[in-house]
Amino acid sequence: MASNADQFKQSFREEAREILVDLEAALLELNENAGDRELVGRVFRGLHTIKGSGAMFGFEDLATFTHNLETAFDDVRNGRLEINSELIDLTLAALDQIKAMLEEGGGGAALADPAACAEILTKVRRLTGVTASEPAGEKASPKTAAATAGPVREWSIHFAPGPDLMLNGTNPLLLLRELRQLGGLSVKASMAAVPPLAELDPERCYVAWEMVLATAASRDAIRDVFIFVEDHCELSIELAAGSEVDPAANAAAADATARALDEQRAQGGGRRTYDKPDNATSLRVPAAKLDQFVDLVGELVTVQARLSELAARRDDPEIAEVSEEIERLTSSLRENSMNIRMLPIRATFEKFRRLVHDLARDLGKDVELTIEGADTELDKTVIDQLSDPLMHLIRNSMDHGIEPRDRRAARGKRPTATIHLSARHSGASVLIGVSDDGAGIDAEAVRSRAVEKGLVAGDAQLTESETFALLFEPGFSTAKQVTDVSGRGVGMDVVRQRVDSLRGTIDVASVPGTGTSVTLRLPLTLAIIDGLLVSVGDACFVLPLANTLECIELTRADVERANGKHVANVRGVIVPYIRLREHFNIRTPRPEIEQIMLVETEGGRYGFVVDRVLGDCQTVIKNLGRFYRHVQVVSGATILGNGTVALILDPERLAADAVRLGRQGFHGHTAGHPVVGGASRMGHGGKRESSQTNAA
Amino acid sequence: MAITLAESEALSAIGLEETVDISSAAELKALLVKALGAGQEVRVSLEGAAYLDVTAIQLLWAAEREARSAGVGFALEGPIPERVSAALLDAGFDRFPVPECAR
């Protein structure tokens, strides 16, 4: 079990990571709006918080390193230094090192690069005018310089930590150390409040300190040392007897710090900006606990299905009533637990601003990143796995899609290119788009390269979509040269593998000279979905409810009227259908009246013909494992109430597969898959309405 | 961090090693209570200690006070590492708040 100290450190790491994300965004914005004082303040406060909290939680190297950056932004804030792209790039590089230092604190190997850190510090000091002889490892606040400018006076300081100060992760001895940076400090610890051993709370600090500090710092600068603990301690800072105040001299020294402090407070600055925005309404929970919670809800859903099955079999109204109540509660619990896991994609999108900024600089291109639909929510598991594919797509766009400045100018395009990231919901899926206004994809070049690599026959007739799909083949690249950014043909393969593992699809559209758009269609969640249970022969399947539109009957007479073609006339609209019996080679006689489940897919409306519709069900998605990883039309399996397993169908892929297998249309198509499995039929009654179909 | 208690007929010996801070404070308190409960002389060794935070210091101080009022011996045994004593001075303790054994 992690100790309290470890937990505090972990909390600090999580908090610091969030601040780093915000800092990165602020710096990139500052790059565009150098005069924005609010952004400068935001960067300063972020650095100040990381430094202050870092020192408190024992990340001393990190605090020291960050201190130098904080000094630079304090100078910017006070008009002593101007923002320029060098400072922004240095600070961005420094954030990478801070990130590495945070991970090191987690017990990993040394991740930060000491040589890179030293180089960053040298350059930052050159910008701020701090000489190399000044201590690099100084841990004082940036206010030290201003604080030491005035006359030295003695301050009497009384500091008595409150009951919960240490429980918040604060080490009072580190505060004394920070205070010592302001000047000569004499300290006397008082043990007067320490109770008898039996009554002593071992995690509370009973020691109080009486101190005399000889410093030129103002009262506010001294108080700033305690800024994070002010609400959790007794603190008094008084001028010592005989230590006169010279208002004029004091003003010079204190002015800068007081202004900074006021500004910080006015803007809700300091640590509070980050960790206490809405204490009353939010709670930080480790992702692993949340995963465990959702797993348990999944188990509950499975048990609830067994109870429903039992209730239906016993035909006991009392059990049925309890079962229905449990079903209702389980459904609410499932919905709530899934909602907890849903996160907006904003943070994932925003972090690519840095990538675009760095790549644009390295490639000598002007590129802006635009974002749309950042508030679109999807499952945390999906979000976690989305970063890599998006990174590869963006790198590819930046390197190969977007033309160099001169070529854009020659084509009459805007000098600044655009990469557009978008997200939107579409049924049970989310569509993530990465598009650029670059040169587009040369389909013929892709085709030639594929023929050259033996991926397709020289005389193969490929649709545009099939041609573009070749881009995602392992090792495929049309790049004439490999660069640091891309061209090895690895990235797109990674994109496909990751999207496959998420049971998603990739769609590429491109117009030569105008740009390329890649759309990833991903499931909203990988855990539990609402499904519709259907049966074919003895096998049960689940269709995602979000895709299904309605259920209609299909009689033998309907089939005859359609001359054996697999199409149905649904209120005047011709809809092709796929017989699951044929597609999965299920060799049982078909009933007189079958059911067509109408589903909406990206490729249009399709019908899936089944024997019976058994009803709605909450479906806990279980992975089929590596053995079935190539079975694309099935997105997983679920355990039914009677303990048997039903396969969850992927309507998008099923329809695409049927189209692929029966290029001549759906009629007469029997080239199905081997039987991939199924479950014994459950005793649920169908709940959805049926309507008659008109034969085509 | 490691806190050990070795009891013999006439002595309870507590050893503190590495970092002793709030994460081990409850354990240290329990050992001190147990050692004092045995009613025999208590010796604390800091030889292997790298850092003591204020929770450890106040526990040792309270234990020593209790032992003294009960007429039980309570003392530090062996040298105090330089890092520990320097940190204590910085924290405003003129000397370690528990007497050292006569050597």
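Modeller: Gladly! Helices (H or I, at least four residues) and strands (E, at least two) are DSSP runs, numbered from the N terminus. This is a predicted model, in which local features need pLDDT of at least 70 and side-chain atom pairs count only at pLDDT 80 or more, while totals for chains, interfaces and linings use all residues. Residues are numbered from 1 along each chain as its sequence is written, chains are lettered from A and ligands numbered from 1 in the order written, and side-chain values use heavy atoms, without hydrogens and water.

Colleague: Which helices of chain A each supply at least two residues of the nonpolar patch?

Modeller: Helix 11 (287–314) and helix 12 (317–341) of chain A do. Patch residues have over 30% relative accessible area and no salt bridge, with like charges joined within 9 Å and nonpolar side chains (Val, Leu, Ile, Met, Phe, Trp, Tyr) within 5 Å. Here Phe293(A), Leu300(A), Leu333(A) and Ile340(A) make a nonpolar surface patch of about 310 Å², an area found by the Shrake-Rupley method with a 1.4 Å probe, only the protein chains shown counting as cover for residues. Phe293(A) sits in helix 11 of chain A and is partly exposed at 31% relative accessible area (buried is under 20%, exposed over 50%, partly exposed in between; 1.4 Å probe, protein chains only).

Colleague: How do I read a pair of helices?

Modeller: Two packed helices are described by the angle and the distance between their axes. Take helix 4 (residues 85–104) and helix 5 (residues 114–128) of chain A: their axes come within 10 Å and cross at roughly 145°. Axes are lines fitted to C-alpha atoms, for helices over the stretch in contact, with angles from 0 to 180 degrees between N-to-C directions.

Colleague: Are Arg354(A) and Glu24(A) buried or exposed?

Modeller: Arg354(A) is buried at 9% relative accessibility, and Glu24(A) is buried at 9% as well. Their side chains meet in a salt bridge (3.1 Å, N to O). Arg354(A) lies in helix 14 (residues 352–363) and Glu24(A) in helix 1 of chain A, so the pair ties together parts 330 residues apart in sequence.

Colleague: What about a salt bridge inside one helix?

Modeller: An α-helix has 3.6 residues a turn, so residues three or four places apart point the same way. Glu309(A) and Arg313(A) are four residues apart in helix 11 of chain A, about one helical turn, and their side chains meet in a salt bridge (3.8 Å, N to O). Glu309(A) is buried at 11%, whereas Arg313(A) is exposed at 59%.

Technical notes: Salt bridge = Lys/Arg side-chain N within 4 Å of Asp/Glu carboxyl O.
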